[in-house]
Structure formats: C-alpha cells, structure tokens
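Here is a briefing on one predicted model, arranged by topic. Look over the sequence and the fold before reading on.

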Amino acid sequence: MTKIKVFRLAYADFMTKNPEDMINYYTNVMGYRVTEKTAGITYLSNGLDHHNIIITPAEKTAIRSYGYQLDGKLSLEEVQEQLQLQGIASKLRKGKPGIATLIELNDPAGNIIELFTDMEHSAVGYGSSGIVPLKLGHIAFYADNHKEVVQFYQESLGFWFTDQIGEDFCNFLTCNSDHHVLNIVASNETRMHHIAFQLKDASHQCNSSDVLAKHGRPILWGPSRHTAGHNIASYHHDPDGNIIELYTDLDVFIPELGMFEPRPWHKYLPLKPRVWEGLSSWGTEFEVDLAKV
Ligand SMILES: [Fe+2]
C-alpha cells in the first residue's frame, strides 16, 4: 500500500501582534518578497513558491500552522482515508491563496499541520537584497509528549529518525535528504523553539551576519558547527522574539542506507544516526542557553 509521504517543509504561518514589523523583517532583512495580501494576511516567498512565510495579524505571538508538501502519489482524499484509518481527524480546506486544496490536522503536540500536493508558483523570483535564504529548512519545537509526537511523524507522515542530542532530549527527524526537517525537544511545555533557514554556503553565513548587524539584530548564539547535523548555525531573534536559525553545511541523509554522506569534519565513518553530547563540535561557548529560551 502506498503510504502518506511528506517530502518538505514548505511554509510557516506566524501569528503576530506586530504584522508591519514582521513584514519589514521578512522583506528587508530576510529578503523575501510579498506575493499576496488577502484579508489582512500577507504571503511572502523567497523565490519559487507562492509562499514560504505567512504573516497573520492576531492577538498573540505564536505559530498558526506549518505547511508540508506531500509527494503526490496519493490524492488528498486517499491521504484523508489513511489518516482516518489511523484514528486521525482531518479537514479538507479549499480556496486558500496559492493552494487550491489542503488537508488540515493537528499533530499530537497540538500544532496545526497543513498538507498539500500542489502550490502555485511565485512570479516574484528570488530577492536581490537582504539575506535571501535558499529555503525554509526545519523547525524545532518543544513537546510535553515528545515520544508520541516522534512516533506520529514517523508512522503517519513518512519521516525518518536521524539523530538525538542527549538520550531522548533533542529528537531529529527528516522527510528528505536533509539531516533534519524536525527537531522535537522533550520538555514540560509545548511551543516552537526555533525555525531555520538554509543558506548557500559559509560565505553566505558571513554576509548574512553583516546584514543582521546592519539591521540591528544581534546574533544570540554561534556561528558554530553543531554536533548532530554538523550544520554551521547562528541564531537571532525576529521582531516578535521568535528564534531564527541561519545554517549551512547540513549533513545529507541517505534514507536507503540509513547513513550520511561523508564530510571532512565527520569523526565517524560511516556516520549513522547516533546520540550526541553537547551542541557544538567547535567547543564554542555560548552566551545564551538555547535550552532555556
Ligand atoms: Fe535548528
């Protein structure tokens, strides 16, 4: 039986009390372009998709939803049937900007997930000023029921388990060749920890740090090469205080082999999913404890 398979994280929808500040940040600092404004909601793209970021005015600051693209081997009706067989409720939504039809459901952590097969293309193209990441790469969120959440993404949406930091603390999952698309962090609360954007290379990381400095956005943590995933990562706050990660050099996962492509900075060969200690392979001291923000 063909199973449900997500293959990428396509967009995140931010609820905000300060939409103008968030739109300014995503256009002037991150280099995204507005593709549509409908009913007060702003849709931004970093190049090819109708949207990768949605800014939704609200009375609170939080993530409204995450959008994942399916591989298209099943119709949305067939996806709903499979979810129903697993006891997972979902709704079919039609007529959203850029996506004619999508499925909305909750993961066990309570996050709203939107699944779709097709999104309209953007006519705006990649930006030429600001950071302009390659793509939205991953999200990390705290969950007070992380084991249930990890199981859900693996069994219901086709993710693979790739790594841990600490026994059962950070749990990394992927749905494609990126080391992780999800980082599910064991906690006594449930909320987003950070959202991450992939850069082109290490020089882009330097240039991006200059852009952040120019716009008065100090780096909280890094740049440093992580242990799990080996990405060179830095973190800063957006205007709402969400933690934004910029990264490059993320490990490439080969699902068929259950291992990662070799890289010069790897200590293990072949590198397979394992439990890591600590966050930095460079021994970098960080001023901000990311586990406490
Ligand atoms: Fe991350």
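An iron ion is held by His-138 (NE2), His-194 (NE2) and Glu-245 (OE), at 1.9 to 2.1 Å. Donors here are N, O and S atoms within 2.8 Å of the metal (3.2 Å for Na, K and Ca); water is not among the atoms, so sites may look incomplete. The model is predicted: local features need pLDDT of at least 70, side-chain atom pairs count only at pLDDT 80 or more, and totals for chains, interfaces and linings use all residues. Residues are numbered from 1 along each chain as its sequence is written, and side-chain values use heavy atoms, with hydrogens and water left out.

- The spacing of the donor residues in sequence is H-x55-H-x50-E.
- His-194 belongs to strand E13 (residues 191-198) and Glu-245 to strand E16 (residues 243-248), so the pair ties together parts that are 51 residues apart in sequence. Strands (E, at least two residues) and helices (H or I, at least four) are DSSP runs, numbered from the N terminus.
- His-194 is buried, with a relative accessible area of 5%. Buried means under 20% relative accessible area, exposed over 50%, and partly exposed in between (1.4 Å probe, protein chains only).
- Glu-245 also counts as buried, at 1% relative accessibility.

**Nine-stranded sheet**

- E13 and E16 belong to an open sheet of nine strands with mixed pairing, in the order E14-E15-E16-E13-E9-E12-E11-E10-E19. Two strands pair if DSSP finds at least two bridges between them.
- E14 and strand E19 (275-276) are the edge strands, each pairing on one side only.
- E10 and strand E11 (residues 170-174) run antiparallel and are joined by five bridges. Ile-165 has Cys-170 in E11 as its bridge partner.
- Helix H3 lies across strand E9 (135-143), E10, E11 and strand E12 (182-186), at about 160 degrees to E12. Contact means heavy atoms within 4.5 Å. Axes are lines fitted to C-alpha atoms, for helices over the stretch in contact, and angles run from 0 to 180 degrees between N-to-C directions.

**Eight-stranded sheet**

- A further open sheet has eight strands in the order E2-E3-E4-E1-E5-E8-E7-E6, with mixed pairing.
- Strand E2 (33-38) and strand E6 (91-96) stand at the edges with a single partner strand each, so one side of each has no neighbour in the sheet.
- On average, neighbouring strands of this sheet are turned by 25 degrees against each other, direction ignored.
- E2 pairs with strand E3 (residues 41-45) in the antiparallel sense over five bridges. Lys-37 has Thr-42 in E3 as its bridge partner.
- In E1, 10 of the 11 residues are buried, so this strand is largely enclosed by the rest of the structure.
- E1 runs antiparallel to E5, with eight bridges between them. Arg-8 is bridged to Gln-69 in E5.
- E1 pairs in the parallel sense with strand E4 (residues 53-57), over five bridges. Here Thr-16 is bridged to Pro-57 in E4.

- Helix H2 (residues 76-85) lies across strand E5 (62-70), E6, strand E7 (99-106) and strand E8 (112-116), at about 5 degrees to E7.
- Helix H3 (residues 146-157) lies across strand E1 (6-16), E5, E7 and E8, at about 15 degrees to E8.

**Aromatic pairs**

- The count comes to 14 aromatic pairs. Rings of Phe, Tyr and Trp (its six-membered ring) pair if their centres lie within 6.5 Å; planes under 30 degrees apart count as stacked, over 60 as edge-to-face and the rest as tilted.
- Tyr-68 and Phe-159 have ring centres 6.1 Å apart and planes at 85 degrees, so the pair is edge-to-face.
- This pair links distant parts of the chain, 91 residues apart: Tyr-68 is in strand E5, and Phe-159 is in the loop between H3 and strand E10 (160-165).
- Tyr-68 counts as buried at 0% relative accessibility, and Phe-159 counts as buried at 3%.
- Trp-221 and Tyr-235 form an edge-to-face pair, 4.9 Å centre to centre with 85 degrees between the planes.
- Trp-221 lies in strand E14 (residues 219-225) and Tyr-235 in strand E15 (residues 232-237), so the pair ties together parts 14 residues apart in sequence.
- One aromatic cluster is formed by Phe-14, Tyr-25, Tyr-26, Tyr-32 and Phe-197.

**Charges over rings**

- Lys-5 lies over the face of Trp-160, 4.4 Å from the ring centre. The rule asks for NZ of Lys or CZ of Arg within 6 Å of the ring centre and within 35 degrees of the ring normal.
- The charged end of Arg-274 sits over the ring of Tyr-268, 3.7 Å from its centre.
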